[in-house]
Amino acid sequence: MVKVYLPELGEGITKATISYWYVEEGATVTEGSELVEVSTDKATFNVPAPCSGSLKGITAHEGDVVEIGSLLAVIEEDTVTEPGEEEAEGA
Amino acid sequence: MADQDLPLRVLNLGTIPYAEAFDLQKKLVEDVACGASANTLLVCQHPAVITYGRRCSHAHILVPKEEIIRRGIELYQTDRGGDVTYHGPGQAVFYPIFDLKKLGQDLHHYMRMLEEAIVTPLREHFGLNAYRKKGLTGVWVGPYKVGFIGIAVKKWVAYHGMSLNVGVDPASFSLIRPCGLDVKVASINDFFSDEVRLETICDMIVQRMAHVFQLEATGGSRQW
């Protein structure tokens, strides 16, 4: 599981509002794709997916005001099977 | 700390529909993010359009949608920060597509720098009492708001930006509560008997932006 946190947005910015989730819980996301938009003052900031996988849990919902560093979501990372790995494990 | 020698590409687009400029911005964000393009500043005007962010209260649009359309004004939901605003003829619009990874990674500091790029030319070249208000974003002259800011950041590249009323029909802003505030709105030309040319102000602000962000402006001008 990879946890997604609200990153630092600048000096003196302690909170942001969750404005929009680009994907729903359970959806597949790819690393670097738009995950959630947060807003502060007159700025919006797009938090990207830190890895590819399945969005398993959203802990901050649209309209919520959350502190910098707060947990926003959890992604279950795609597992990559190396060639020959399954055979080796089964041997 | 910004690099001294980073180039700033300036593109004067003339009058361009909002949606067209928005599409261009989104493409440039990707180009700037991957290093395929230098920091780019789009300068333009828009045909009349009311834009609003995702978290805008629709109560801040004061007339029915049908009435806005009847007046030939477009309505457009966008992804910038902030509430509702108006763009139209007589308003200078600046869209800096800047890589904030090289400019401090600080959203509020970036917006303060944008404000300075408007405030300083208005004060130094036009003698206006232009200033920022603590706790609010934008630029005021006396009791009037003249400059508006709303940005978005993706991959730490900023887009959207700021607008300055130079000679805007004041009735246009009566259709909305600009930025969700009860503010008086004015244009630069309201403070002078002789008209200030929009391109004159644009050139000054472009120069000031290059100075503020320590970028070297390149790019030709174009007739408005």
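Which side chain of chain A does the side chain of Arg54(B) meet in a salt bridge? The partner is Glu37(A), at 2.3 Å from N to O; a salt bridge is a side-chain nitrogen of Lys or Arg within 4 Å of a carboxyl oxygen of Asp or Glu.

The model is predicted: local features need pLDDT of at least 70, side-chain atom pairs count only at pLDDT 80 or more, and totals for chains, interfaces and linings use all residues. Residues are numbered from 1 along each chain as its sequence is written, chains are lettered from A in the order in which they are written, and side-chain values use heavy atoms, without hydrogens and water.

**Interface of chain B with chain A**

| Item | Value |
|---|---|
| Buried area (accessible area lost, 1.4 Å probe, summed over both parts) | about 1800 Å² |
| Share of that area from carbon and sulfur atoms | 51% |
| Share of chain B's buried area from Arg54(B), Arg55(B) and Leu107(B) | 33% |
| Salt bridges | three |

Contact (heavy atoms within 4.5 Å) links 24 residues of chain B with 23 residues of chain A. Strand S5 of chain A (residues 43-48) pairs with S9(B) in the parallel sense over three bridges, where pairing requires at least two DSSP bridges and strands are DSSP runs (E, at least two residues) numbered from the N terminus. Ala43(A) has Ile151(B) as its bridge partner in S9(B).

**Sheet in chain B**

Strand S3 (residues 49-52) and S4(B) pair in the parallel sense over four bridges, and Thr51(B) has Tyr76(B) as its bridge partner in S4(B).

Note on methods:
Buried area = accessible area lost by both parts, 1.4 Å probe.
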